[in-house]
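I opened this entry to note what I looked up. The sequence and structure come first, then my notes.

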Amino acid sequence: MSDVVLELNDLHTYFFTDNGEIPAVEGVSINVHKGEVVGIVGESGCGKSVTSLSVMKLVPSPPGRIVGGEINFKGENLVNASEKRMKKVRGNEVSMIFQEPMTSLNPLFTIGNQLMEAIRIHQKISKKEARQKSIEMLQMVGIPRSEAIIDEYPHQLSGGMRQRVMIAMAMSCNPELLIADEPTTALDVTIQAQILDLMKKLNKEKDTSILLITHDLGVVAEICDRVVVMYSGQVVEEGTTRDVLKSPQHPYSKGLIRSLPKIYEREPKLYSIPGTVPKPKKGRVGCRFAPRCEFAFDRCFQENPELYYLNSGRRSRCFLHDDQEKDVT
Ligand SMILES: Nc1ncnc2c1ncn2[C@@H]1O[C@H](COP(=O)(O)OP(=O)(O)OP(=O)(O)O)[C@@H](O)[C@H]1O
Ligand code: SF4
Ligand SMILES: [Mg+2]
């Protein structure tokens with residue numbers, strides 16, 4: 001489809017460590033359309049960050065490497081793109097917001113220096129114009145006293161303000177795709193809501209596509225059009241946010257949604273999926289979720305299911321859909 005901005009096709013990203021090969025991302029396919037907000041959810045260690053870092057080609061290497069698949073950004077496969085090309089893509093066409101803004105902001109330079117530099121790399125404008133633009137960007141992301149804040153250092157700002165600065169930086173070049181990896185996890189609930197509102201506003205006003213990584217289904221419900229559920233390096237379910245949250249198909253998604261606290265019901269004990277996400281390793285057989293799945297049967301321990309295409313564009317990786325159409329592409 002022509003309005004696909006990002007197409008991950010059978011992406012494989014592995015880490016080659018002294019303790020063996022770690023297939024952190026194992027055949028992930030995800031599309032993001034123009035102006036769409038797609039969420040990636042899943043428990044810690046399921047490969048959300050490695051997927052997003054792969055798109056930016058920022059997986060630490062060694063030990064990490066993209067070993068297969070395609071990352072098609074507006075039709076261009078970035079897997080083989082040079083570092084020179086990637087420098088242009090990053091910040092210009094695709095921007096990324098990381099979980100902890102302090103790691104991305106340089107403590108030695110003022111907010112203004114860093115914003116102005118980001119703007120001037122991509123736009124040929126004078127220092128004075130860049131400063132004015134930086135102030136406007138800070139105002140746009142709701143930073144009060146922008147004229148003063150611009151001359152302050154990152155440590156002088158609160159966590160919420162730093163995250164806003166990161167968003168201002170990420171948006172300063174009008175990227176077509178914004179990748180946000182847990183952008184609100186470190187923030188308190190009120191600030192979290194404000195940051196989500198801000199991302200929604202940017203999405204609506206500039207038609208920016210957003211790939212939002214989170215482990216919080218509340219955040220997904222708030223902002224995402226579509227959601228992809230990952231488990232142990234693979235996509236296990238995909239659908240519109242409404243469909244997946246209302247009627248999850250995959251046993252893992254069912255467990256995730258069942259473990260959400262319900263506001264109006266007092267439960268004696270909150271449900272949690274037994275066990276933890278296994279560390280990916282080479283040569284695994286069977287469904288990755290089988291050891292934790294309450295529906296598992298013999299076949300689940302012998303074969304890994306393919307993704308099944310269900311009604312209305314949904315995908316789910318589970319043998320329980322065996323009577324339904326299978327993704328054989
Ligand atoms: N530099 C690395 N070296 C070796 N293994 C790594 C490295 N980075 C990530 N991994 C492994 O890749 C897998 C996926 O990690 P990833 O960071 O993508 O998880 P995540 O879904 O983002 O989790 P979280 O919710 O905790 O951020 C994990 O098993 C992790 O141990
Ligand atoms: S394939 Fe089997 S183990 Fe895997 S999710 Fe489905 S029922 Fe559970
Ligand atoms: Mg992560």
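This is a predicted model: local features need pLDDT of at least 70, side-chain atom pairs count only at pLDDT 80 or more; totals for chains, interfaces and linings use all residues.

**Helix α5**

I then looked at α5 itself, which runs over residues 127-140 and has 14 residues. From its first C-alpha to its last it reaches 20 Å, close to the 20 Å expected at 1.5 Å a residue. I listed Ser-134, Met-137 and Leu-138 as buried in α5. These residues lie on the same side of α5, because they cover an arc of only 95° around the axis. On the face turned away from that buried side I found the exposed residues Lys-128 and Glu-136. I also checked what covers the buried residues of α5, and the cover includes α4 (111-122), α6 (146-149) and α7 (159-171).

**Ligand 1**

Next I looked up the surroundings of ligand 1 and found 18 residues there. The closest are Ala-24, Ser-44, Lys-48, Ser-49 and Val-50. The elements that give two or more residues to this shell are β1 (4-17), β2 (20-33) and α1 (48-56). By class, I noted eight nonpolar, eight polar and two charged residues in the shell.

**Helix α1**

Which element gives the most to the shell around ligand 1? My note says α1, with three residues. I found α1 mostly covered, as eight of its nine residues are buried. Among the buried ones I wrote down Lys-48, Ser-49 and Val-50. Just after α1, I recorded a positive phi of about 55° for Lys-57.

Terms used
Residues are numbered from 1 along each chain as its sequence is written. Chains are lettered from A and ligands numbered from 1 in the order in which they are written. A residue is near a molecule or strand if its C-beta atom, placed from the backbone, lies within 6 Å of it. Helices (H or I, at least four residues) and strands (E, at least two) are DSSP runs, numbered from the N terminus. Ala, Val, Leu, Ile, Met, Phe, Trp, Tyr, Cys and Pro count as nonpolar, Asp, Glu, Lys and Arg as charged, and the others, Gly among them, as polar. A residue is buried if 20 or more other C-beta atoms lie within 10 Å of its own, exposed if 12 or fewer, and partly exposed in between; C-beta atoms are placed from the backbone. The expected span of a helix is 1.5 Å times one less than its number of residues. The arc is that of the directions from the helix axis to the C-beta atoms. Two residues are in contact if their C-beta atoms, placed from the backbone, lie within 7 Å.
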